[in-house]
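Hi everyone, and thanks for making time today. Let me put the structure up on the screen, and then I'll walk you through it.

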Amino acid sequence: MSDAMRMRDHLGRIDPAARVHDRVTLGKNVTVAAGATIYENATIGDGAYIGPNVTIGEPLAAFYSDPAYENPPTEIGPGSIIRSGTVIYAGTTSGPRLQTGHDAMIREYTEFGEGCGFGTFAMSDGRVKFGDGARIHYAVCISQGTVFGKRVHVYPYAAFPDSLHPPCRRHLEAPVIGDETIILLHAIILPRVKVGARCLVGAHTVVTEDVPDGMAVVGSPGKIVKRTADIPCKVTPGHHPYPWTEAQEKAAEASK
């Protein structure tokens, strides 16, 4: 047997050092690696990979005070890859092929569509919704209730606060991000702001007001500068990289 085959020999198995609680449903060919914990009332889809020291179905706050507490259902879709150190709280659901980075934190009742990605050290503060194909990169911080449309890309260190006057918890309202919008490094989308579909938010931009569909916004505070469709490629003459549509994404993947 080759070294590569030996490295993959653990796939489709439950490691003896993993802890799988009662009332857990595991699909076909699920891998649960050493140190992983899957709490009760969780469902893991066919072919999913649960990496080392992952926690699935982390109990909610009531677990520590309510003797009658019962974990809400947690579902990880088929073909998902949950990498080492990720913590997924109870009540979270995902469609097929969710991928997380290492040490991601996904709080309760987060909802993922199909084919989503959630990066290393990224944090969802619960009740966040991600449309199909949404991709969250390294160390993004997302407040409770934020909504992302389909195929949204969010790049490292972006933040989505929900409080107008932190730490005040009155009048909380998280941002809403439309389909196929791209949000670049260190951008901040302020509470109550709605960013439309197929927009581009520049690096270090602070978005303080709603952004209509198809617009590029930059600066602090953010200002609309042009349509995303009018942004030229700096390398290829005549090419316009935005809006970043599903067709462009598929073409980029095929060219790798």
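I'll talk about ring pairs, then one lysine, then a surface patch, and finally salt bridges.

Before anything else, please keep in mind that this is a predicted model.

Let's start with the aromatic rings. There are nine aromatic pairs in this structure. One of them joins Phe63 and Tyr64, whose ring centres are 5.0 Å apart with 85° between the planes, an edge-to-face arrangement. Phe63 is partly exposed at 41% relative accessibility, while Tyr64 is exposed at 59%.

Now look at Phe130 and Phe148. How are the planes of these two rings arranged? They meet at 5°, with the centres 5.1 Å apart, so this pair is stacked. Phe130 belongs to strand S17, residues 129-130, and Phe148 to strand S20, residues 147-148, so the pair ties together parts that are 18 residues apart in sequence. Are these two buried or exposed? Phe130 has a relative accessibility of 5%, so it counts as buried. Phe148 is buried too, at 3%. Both rings also belong to a cluster, linked by ring pairs, that includes Phe112, Phe118 and Phe160.

While we are in strand S17, let me point out Lys129, which is found there as well. Lys129 counts as partly exposed, at 42% relative accessibility.

Ile14, Val20 and Leu26 make a nonpolar patch of about 190 Å². Val20 sits in strand S1, residues 19-20, and with a relative accessible area of 30% Val20 is partly exposed.

That brings us to charges. Side chains of opposite charge can pair when their charged atoms come close. How many salt bridges are there here? The count comes to 10.

Take Glu114 and Arg97: their closest N and O atoms are 2.9 Å apart. Glu114 is in the loop between strands S14 and S15, Arg97 is in the loop between S11 and S12, and 17 residues separate them. Both are partly exposed, Glu114 at 36% and Arg97 at 43%.

Another salt bridge joins Arg107 to Asp125, with 3.9 Å between the closest N and O atoms. Arg107 lies in the loop between S13 and S14, and Asp125 in the loop between S16 and S17, so this pair ties together parts 18 residues apart in sequence. Arg107 is partly exposed at 27%, and so is Asp125 at 26%.

My last pair is Glu249 and Arg135, whose side chains meet in a salt bridge of 3.5 Å, N to O. Glu249 is in helix H2, residues 246-254, and Arg135 is in strand S18, residues 135-136, which puts the partners 114 residues apart. Glu249 counts as buried at 10% relative accessibility, whereas Arg135 is partly exposed at 31%. To finish with the salt bridges, shared partners join Arg107, Glu108 and Asp125 into one network.

That's my tour, and I'm happy to take questions.

Methods
Residues are numbered from 1 along each chain as its sequence is written. This is a predicted model: local features need pLDDT of at least 70, side-chain atom pairs count only at pLDDT 80 or more; totals for chains, interfaces and linings use all residues. Side-chain values use heavy atoms; hydrogens and water are left out. Rings of Phe, Tyr and Trp (its six-membered ring) pair if their centres lie within 6.5 Å; planes under 30 degrees apart count as stacked, over 60 as edge-to-face and the rest as tilted. Buried means under 20% relative accessible area, exposed over 50%, partly exposed in between (1.4 Å probe, protein chains only). Helices (H or I, at least four residues) and strands (E, at least two) are DSSP runs, numbered from the N terminus. Patches are made of residues with over 30% relative accessible area and no salt bridge: like charges are joined within 9 Å, nonpolar side chains (Val, Leu, Ile, Met, Phe, Trp, Tyr) within 5 Å. Accessible areas come from the Shrake-Rupley method with a 1.4 Å probe; for residues, only the protein chains shown count as cover. A salt bridge is a side-chain nitrogen of Lys or Arg within 4 Å of a carboxyl oxygen of Asp or Glu.
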